[in-house]
Amino acid sequence: MTTAQERFAEQELPYNVFSKACPSRGTLEHVTGRWGALTLGALHEGSFRFNELRRRVDGVSEKMLSQTLHALERDGLVHREAQPTNPPRVDYELTPLGREVTERLMSLIQFVEGRMDDVLAARERYDSARAPR
């Protein structure tokens, strides 16, 4: 009888996020990290200019948003469009690949938001059980 791990290894996937050398691990980090997930979620609503996006993703610094957008653009998930105007106008939107990834991400976001009462109750039980007596 083979274990689930052995069966998985036999599939010989071209990319394996569980391998530390796999490039998919970086993309997964960009998508699921706090600022990446929130940026993609915001862009799911449509095209944004940088400062509009910064206001929408409450709490992100200019530096972190810039780094996040660069990483997502490099991964092919976000398209940056610079308009030759004065002052320059730069818009960000999801690419088709970014839209596909974000659809899946939005399902997770909506699930988490919908189950927060359960999460908060679990946190309260956990904290109560570990409180000093």
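In what order do the elements of the chain run from the N terminus on? They follow the pattern α-α-α-β-α-α-β-β-α-α, which comes to 7 helices and 3 strands, where helices (H or I, at least four residues) and strands (E, at least two) are DSSP runs numbered from the N terminus.

The model is a predicted one, in which local features need pLDDT of at least 70 and side-chain atom pairs count only at pLDDT 80 or more, whereas totals for chains, interfaces and linings use all residues. Residues are numbered from 1 along each chain as its sequence is written, and side-chain values use heavy atoms, with hydrogens and water left out.

**Overall dimensions**

Along the principal axes, the C-alpha atoms fill a box of roughly 65 × 50 × 25 Å. The chain exposes about 10000 Å², of which carbon and sulfur atoms supply 52%, with areas from the Shrake-Rupley method and a 1.4 Å probe, only the protein chains shown counting as cover for residues. Buried residues make up 23% of the 133 residues, where buried means under 20% relative accessible area, exposed over 50%, and partly exposed in between. Among contacts (heavy atoms within 4.5 Å) with a separation of 6 or more, 42% join residues 24 or more positions apart.

| Residue | Relative accessible area |
|---|---|
| Gly 36 | 4%, buried |
| Thr 102 | 0%, buried |

Gly 36 is found in helix H3, which covers residues 34-43, and, leaving aside neighbours within four places in sequence, Gly 36 is in contact with His 30, Val 31, Thr 68 and Leu 72. Between Gly 36 and Ser 61 there are 13 Å in space, C-alpha to C-alpha, for a separation of 25 residues in sequence.

Thr 102 belongs to helix H6, residues 96-114, and, not counting residues up to four places away in sequence, Thr 102 touches Leu 40, Gly 41, His 44 and Leu 94.

**A charge over a ring**

Arg 130 lies over the face of Tyr 126, at 3.8 Å from the ring centre; the criterion is NZ of Lys or CZ of Arg within 6 Å of the ring centre and within 35 degrees of the ring normal.

Methods:
Buried < 20%, exposed > 50% of the residue type's maximum accessible area, 1.4 Å probe, protein only.
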